[in-house]
Amino acid sequence: MAGSTLWILSRERDRRGVTIAKMRITPNRMISETKVHPGYEWFTVLSGTVQLRLGERTILVREGQAAEFSTMTPHTIEAYEGPVEILTIFDHDGERAHLPGHRHPG
């Protein structure tokens, strides 16, 4: 997706069925609307500031902070005032929603 780069850091899904990835998001990443899908997501901000939209709320998550949420809540993750890098963990449903075409062995 334009404005974002993803590096898969886990070789195999662990026993809990999660994928670990690093993401770089730039302000030019265009997201038209919030999304909902089954699952749960967690991320920590490595650099920059994330603008996390959860339902009607907008939360700024700064470097060194973390967020976790049910992905059944309408959500978007965007860069705020510059590029941002995050470390994220997707469960199996989050992997299917955010990494279409990516298939972990096992």
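Q: In this predicted model, where does Gly55 lie?
A: Gly55 lies in the loop that runs between strand 4 (49-54) and strand 5 (57-62). These two strands form a hairpin with two residues between them, and Gly55, in the turn, has a positive phi of about 60 degrees.

Q: Why is Gly55 called partly exposed?
A: The relative accessible area of Gly55 is 34%, and since buried means under 20% and exposed means over 50%, the value falls in between, so Gly55 counts as partly exposed.

Q: Which residues is Gly55 in contact with, leaving aside its neighbours within four places in sequence?
A: They are Thr73 and Pro74, where contact asks for heavy atoms within 4.5 Å. For Pro74, which is 19 residues apart from Gly55 along the chain, the separation of the C-alpha atoms is 5.0 Å.

Q: How do you know that strand 4 and strand 5 pair?
A: Pairing requires at least two bridges between two strands, and strand 4 and strand 5 have six bridges in the antiparallel sense, so they qualify as a pair. One of the residues involved is Val50, whose bridge partner in strand 5 is Val61.

Q: What makes strand 4 and strand 7 a pair?
A: Five bridges join strand 4 and strand 7 in the antiparallel sense, and as at least two are required, these strands pair as well. Val50 stands opposite Ala79 in strand 7, while Leu52 has Ile77 as its bridge partner in strand 7.

Q: What is the order of the strands in the open sheet of three strands?
A: The order is 5-4-7, with antiparallel pairing. Strand 5 and strand 7 each have a single partner strand and therefore stand at the edges, with one side of each left without a neighbour in the sheet. Direction ignored, neighbouring strands of this sheet are turned by 20 degrees against each other on average.

Q: Why is strand 4 described as largely enclosed by the rest of the structure?
A: Of the six residues of strand 4, five are buried, and the strand is therefore largely enclosed by the rest of the structure.

Q: Which residues have the most contacts inside the largest nonpolar core?
A: This core has 14 residues, and those with the most contacts inside it are Phe43, Val50, Leu52, Ile77 and Ile86. Two or more residues come from each of strand 2 (19-25), strand 3 (40-47), strand 4, strand 6 (66-70), strand 7 (75-79) and strand 8 (84-90). Strand 4 gives the most, with three residues. As for Ile86, its contacts beyond four places in sequence include Ala21, Met23, Phe43, Val45, Val50 and Ile77.

Q: What makes the meeting of Lys22 and Glu85 a salt bridge?
A: The side chains of Lys22 and Glu85 meet at 3.3 Å, N to O, and because the cut-off is within 4 Å, the pair counts as a salt bridge. The pair links distant parts of the chain, with Lys22 in strand 2 and Glu85 in strand 8, 63 residues apart.

Q: How do you know that Arg24 and Glu85 also form a salt bridge?
A: Their side chains meet at 3.8 Å, N to O, which is within 4 Å, so this pair meets the cut-off. Arg24 belongs to strand 2 and Glu85 to strand 8, 61 residues apart.

Q: Is Glu85 buried or exposed?
A: With a relative accessible area of 18%, which is under 20%, Glu85 is buried. Lys22, at 26%, is partly exposed, and Arg24, at 31%, counts as partly exposed.

Q: Why does the salt bridge of Glu78 and Arg53 tie together separate parts of the sequence?
A: The side chains of Glu78 and Arg53 meet at 3.2 Å, N to O. Glu78 lies in strand 7 and Arg53 in strand 4, so this pair ties together parts that are 25 residues apart in sequence. Glu78 is buried, with a relative accessible area of 13%, whereas Arg53 is partly exposed, with 35%. As for networks, salt bridges that share partners join Lys22, Arg24 and Glu85 into one.

Terms used:
Residues are numbered from 1 along each chain as its sequence is written. This is a predicted model: local features need pLDDT of at least 70, side-chain atom pairs count only at pLDDT 80 or more; totals for chains, interfaces and linings use all residues. Side-chain values use heavy atoms; hydrogens and water are left out. Helices (H or I, at least four residues) and strands (E, at least two) are DSSP runs, numbered from the N terminus. Buried means under 20% relative accessible area, exposed over 50%, partly exposed in between (1.4 Å probe, protein chains only). A nonpolar core is a set of buried Ala, Val, Leu, Ile, Met, Phe, Trp, Tyr and Cys residues joined through side-chain atoms within 4.5 Å. Axes are lines fitted to C-alpha atoms, for helices over the stretch in contact, and angles run from 0 to 180 degrees between N-to-C directions.
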